[in-house]
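Trainee: I would like to learn how to read a model like this one, feature by feature. Could you take me through it slowly?

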Amino acid sequence: MPSMSNEPGGETARRSVGTTVRRKEDGRLVTGRGHYASDLELPRMRHVAFLRSPYGHARIRGVDATEAAKAPRVHGVFTGEMPEFSAITLRARSALPSYVETDQPILAWQKARFSGEAVAAVVADDRYIAEDAIELIDVDYEPLPATVTAWIAPEEPVHAAAPDNVLLQRTFDAGDVAGALATAPLVVERELVTNRHAGNPMECRVGVALWDGADDKLTFWSGTQVPHIARNMLAELLGLPEGNVRVIAPDVGGGFGTKAVLYPEDVALCLMARAMRGVPLKWVEDRAEHLLAATHARDHRYVVKAGFGTDGQLLALEADVTCNVGAYSVYPWTAGIEPLMAGGLLSGPYRLENYRCTVRGVATNTSPSGPYRGVARPASVFAMESLMDAAARELGMSALDIRRRNLIQPEEIPYRMPSRLVDDSGWYGKCLDKVIDAIGYEEFLAEQSRRREAGENPIGIGVACYNELTGLGRAAAAGPRMPFRTGHDACTVRINPDGRVTVLSGVTSQGQGLETTVAQIVADAVGVAYDDVEVRIGDTNESLWGFGAFSSRQAVIGGGAAHRTGEAVKEKALRLAAALFDAEIDDLRLEDGQIRRTGEPEPLASLAEIARVAYLESNRLPEGIEPGLEATRFFDPIRGAFAAGAQAATVEIDRSTGELRILKWVCVEDAGRVINPQIVEGQIAGSIAQGIGGALYEHLIYDEAGNLSTGTLMDYLMPTSAEVPELIIDHISMPADNPLGVRGVGEGGTLGPNAVLAGAVADALGTEITRLPITPAAVWAAIQ
């Protein structure tokens with residue numbers, strides 16, 4: 001139920017923010033009435049299947065689609081050499097000096113650069129006929145040597161413009177690293193490799209394209225996380241006025257960054273719809289296609305060297321980071337999205353003056369790498385925490401003491417990191433203390449000692465501290481210098497004539513409950529009941545602008561815009577009420593849908609009565625007040641908000657099999673002001689589950705020829721509820737410097753599990769983990 005808060009004059013007002021309310025989405029989603037793009041059925045709809053390259057690297061000497069075009073109930077066959085396709089490429093742009101721009105074709109026609117790249121497409125009456133028809137297309141391939149490992153020199157470059165396959169390189173440099181390392185009492189060096197895996201949302205990619213030939217307009221229904229960016233890019237690529245493109249993201253079954261990209265298949269679908277004018281086309285990706293051709297992530301190598309004092313102080317950090325960015329620079333985020341985030345945030349929540357980190361994005365003959373929940377930081381946290389644990393062992397310190405010695409403190413905020421990002425949190429020590437209390441640290445040590453003496457299966461504890469950069473404003477860009485900045489969102493709030501509120505927000509949801517949280521924010525900002533607020537999202541024809549769902553930005557930025565707009569429309573309603581009732585505006589409040597004057601027990605009027613005047617009784621409008629009760633506002637937090645976090649887990653290892661069992665897991669994060677506790681905990685729990693999957697199970701493996709060996713869920717392992725332990729989740733709430741005081745929580749949970757589980761195994765066995773995932777085979781080998 002909404003909480004009550006005391007107001008001046010002794011009255012109380014209902015507050016929605018900070019409470020767990022019934023989610024607005026749940027009525028349709030839990031009863032099977034959700035509206036997903038894959039459910040969409042339109043008259044005369046036809047279906048699309050893509051023919052994909054079976055080679056990791058090959059020249060395409062010719063494509064013969066004659067037999068496919070003759071097949072019954074086939075309405076079109078499209079190849080990359082057709083002028084309407086060959087004239088358009090996806091070219092992700094960056095202003096970084098070292099960046100090499102490359103083109104990604106809509107359908108490969110000169111060269112296939114990864115196994116699974118779309119080469120041709122068929123339009124047919126149904127998907128089955130389309131799938132049969134693509135088998136009739138004859139492609140003449142000339143196989144070429146493939147490169148699948150980013151730190152091995154290529155025999156044949158992926159792109160002629162980058163002979164060494166390096167698409168981007170940058171060095172972050174601060175202080176005197178060489179001097180600090182030369183005099184450091186302890187220097188720790190490690191080479192660490194993280195495993196390639198991906199988002200795997202419940203709903204794979206999907207698109208429905210309808211071209212209105214009469215008005216030259218395109219409507220594109222998509223499971224995208226970035227509908228406004230998609231509209232902007234589609235209009236530019238297709239040569240259309242932006243107002244002629246409408247992108248609709250209805251209910252979306254998960255995204256995790258995988259759907260924050262504009263893919264060649266999206267553009268191909270729209271081009272085919274233009275050719276089939278007036279006939280809607282639908283493509284629903286199957287799971288095998290998703291594993292093969294949707295973006296991957298986390299395929300990194302860290303060669304790191306850190307200097308420490310005898311007291312555990314971190315003196316210097318030198319790193320060389322290589323990220324496998326796949327065959328293309330993902331559009332529009334570029335090949336820099338992972339390497340630049342890794343270099344910008346490698347030092348994490350620790351004080352550091354001397355830092356040098358060279359990062360590079362290297363092309364290979366694998367599926368392109370793109371944004372995935374946590375973008376590079378699960379790998380970089382693993383690297384940093386591994387150094388901390390190794391140094392603690394060398395110095396005879398506990399893992400806790402060395403972290404406490406180095407964590408940024410509240411009194412040091414704002415703290416300028418060596419990468420020049422500004423950390424505004426500083427509550428890392430408090431998060432760590434709460435984690436250690438909840439894990440039962442002393443009891444664990446006693447049980448660990450007893451097991452060692454008894455010769456039982458060993459147990460270990462792992463700890464990780466991290467900072468999550470959320471809600472990036474225009475001055476906090478940690479990524480590539482793209483032609484656009486992603487700092488702001490817009491929101492429109494309209495009080496209707498009946499006093500209820502409609503919100504047109506630029507946010508978009510893939511299951512995060514944004515309809516609910518935005519409604520809570522607006523209800524409190526305007527002064528109405530939560531149930532009287534309707535939120536509409538995901539349609540570019542309704543909401544003015546929103547960059548979309550990525551970088552844990554929507555509560556901070558979209559929520560900030562909603563709050564500002566709600567306050568603006570409330571102010572307009574109060575101005576009208578003050579004029580109608582000859583009152584001072586400062587004496588009026590809008591609470592629970594009622595206009596009240598301070599000190600008076602009864603309301604002056606309901607919001608519905610005021611709204612009726614604004615819309616229907618313009619003869620009563622005072623001079624200087626326009627009809628209607630509506631406002632639109634933008635919000636940009638400028639820098640963003642760091643969220644502090646810490647996790648710990650205890651594990652048991654079966655010596656005979658190497659099997660790892662998680663005994664207990666604790667996470668504490670600083671979410672700032674919590675809008676909806678249940679949604680926040682759900683976000684953290686889900687991200688930890690994905691982090692555990694990446695640390696223990698998930699691995700996209702290519703053979704030397706560039707063929708994906710783990711191309712089904714029989715080979716690509718994902719955690720189930722049986723593998724995810726009960727999670728103890730707690731918070732500290734230190735308000736951030738934004739209108740709501742919130743910090744993002746959507747990704748932080750993914751940052752800890754790699755480091756936590758590697759540290760726990762090392763603590764149990766005394767053997768370090770330097771490669772992920774931590775499989776039973778790897779643990780068994782370590783035991784031997």
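Mentor: The protein is divided into domain 1 (26-34 + 488-635), domain 2 (43-144 + 204-252 + 259-293) and domain 3 (300-476 + 638-783), with bounds that come from an automatic or database domain assignment. This is a predicted model, in which local features need pLDDT of at least 70 and side-chain atom pairs count only at pLDDT 80 or more, while totals for chains, interfaces and linings use all residues. Residues are numbered from 1 along each chain as its sequence is written, and side-chain values use heavy atoms, with hydrogens and water left out.

Trainee: How many residues does the contact take from domain 1 and from domain 2?

Mentor: Contact means heavy atoms within 4.5 Å. The C-alpha centres of domain 1 and domain 2 lie 40 Å apart, and the contact takes 21 residues from domain 1 and 17 residues from domain 2.

Trainee: What is the area buried between domain 1 and domain 2?

Mentor: Buried area is the accessible area (1.4 Å probe) that two parts lose on being put together, summed over both. Here the value is about 1,400 Å², and carbon and sulfur atoms give 48% of this area. On the side of domain 1, Q510, T540 and W545 supply 37% of the area buried against domain 2, more than any other three residues.

Trainee: How many salt bridges does the rule find across the interface of domain 1 and domain 2?

Mentor: Side chains of opposite charge can pair when their charged atoms come close. The rule asks for a side-chain nitrogen of Lys or Arg within 4 Å of a carboxyl oxygen of Asp or Glu, and across this interface it finds 2 salt bridges. Elsewhere in the list of pairs, the side chains of D251 and R28 meet in a salt bridge at 2.7 Å, N to O.

Trainee: Which parts does the pair of R474 and D636 tie together?

Mentor: The count for the structure comes to 54 salt bridges, and R474 forms one with D636, the closest N and O atoms being 3.1 Å apart. R474 lies in the loop between β22 (459-470) and β23 (489-495), and D636 in the loop between β29 (630-635) and β30 (641-653), so the pair ties together parts that are 162 residues apart in sequence. Helices (H or I, at least four residues) and strands (E, at least two) are DSSP runs, numbered from the N terminus.

Trainee: In what order do the strands of the open sheet with β4 run?

Mentor: Two strands pair if DSSP finds at least two bridges between them. The order is β8-β4-β10, with antiparallel pairing, and the edge strands β8 (111-112) and β10 (138-143) each pair on one side only. Strand β4 (residues 58-64) pairs with β10 over 6 bridges, and the bridge partner of A58 in β10 is P143.

Trainee: Where are the cis bond of Y331 to P332 and the positive phi of R73?

Mentor: Most residues other than glycine have a negative phi, and most peptide bonds are trans. The peptide bond from Y331 to P332 is cis, with omega near 5°, and P332 is in the loop between β18 (314-326) and α9 (337-345). R73, although not a glycine, has a positive phi of about 65°, and R73 lies in the loop between α2 (66-70) and β5 (74-79).
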